[in-house]
Amino acid sequence: MLKPEIARLEHHLRALVGERNPLTSLDQLHRCGRYIEASLQDSGLRMEREEVPFNGTLSHNILGFKAGSDPSRGTFVLAAHYDSVQGTPGADDNASAVAALLETARCLEPVRLGATLLFASFTLEEYGFVGCRHFLAGAHRRKDRFRGMVSMEMIGFRNGEPGSQSFPPYVDASRYPDRGNFLAAVGNEPSRALTESLAQGMQTAHPRLPVHTLIVPGRGDAFTEVRLSDHSPFWEVGVPAVMLTDTAFFRNPHYHQPTDTLETLDLEFLQDGTRAMAGFLERHLT
Ligand SMILES: [Zn+2]
């Protein structure tokens, strides 16, 4: 496995940061889609572009496949949405995760996997997971089999100050640090095994980065805040899926604001997360 490089992450971020909204900045959304496609292709992936219609617009899911040696093991999905809400440059949400996705693909290029790994950059997450739902509808028709999914959702913001981390009311905050220096792996009950193996696998691959888990009861239907990413439609179809996140508005005051800029991101934190993710995937899918 190659090591992720801050310079490459920053290069991706400079290309991606800026409003990417289907209704107000469709050209920029398209441009970023092409950038993601070219980068994943450079990492040796077989690319597919899926057209997603929405309110008179067309944008695309960008899908890059790294074929495994054993098709019977099904496909694992690593996802990061690339659209943004209107009025924000969307650096943490979600250019951070897209940059990590692209760099993870490069790091794994020399690695041969047993299971197939799909790098998916979905469009239209911010409108209710429209791109991801479109993808799953097609997968259902094709009878694709998924062994698991991780949605990276805002992974570039860190705050080491005491008291910088908050939590939803149903979470026992005493189990977690009060400073925002960790990544959270969030799963529902059916995804418990994957959530734990993701957190452990990331910690083994890169012990310096703390990763904490949160398992919400049942299918997680009653917990709105933990459903806010593309893992949610996977939960609905019964595929184990985990959201990996810096916890968004529980830490980052720039969430969905014009101030969600590149300058607020912590690129070392993003590099740590990328390295831990690539290490987890290498072990989990070999
Ligand atoms: Zn997002």
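Tutor: A residue is buried if 20 or more other C-beta atoms lie within 10 Å of its own, exposed if 12 or fewer, and partly exposed in between; C-beta atoms are placed from the backbone. The model is a predicted one: local features need pLDDT of at least 70 and side-chain atom pairs pLDDT 80 or more, while totals for chains, interfaces and linings use all residues. Residues are numbered from 1 along each chain as its sequence is written.

Student: What percentage of the 286 residues count as buried?

Tutor: The count covers the protein chain with its 286 residues.

Student: How many helices and strands does the protein chain have?

Tutor: Helices (H or I, at least four residues) and strands (E, at least two) are DSSP runs, numbered from the N terminus. In the protein chain these are seven helices and eight strands.

Student: In what order do the eight strands form the open sheet?

Tutor: Two strands pair if DSSP finds at least two bridges between them. The pairing in this open sheet is mixed, and the order is S1-S2-S4-S3-S5-S8-S6-S7. Strands that pair on one side only are the edge strands, namely S1 (46-54) and S7 (211-216).
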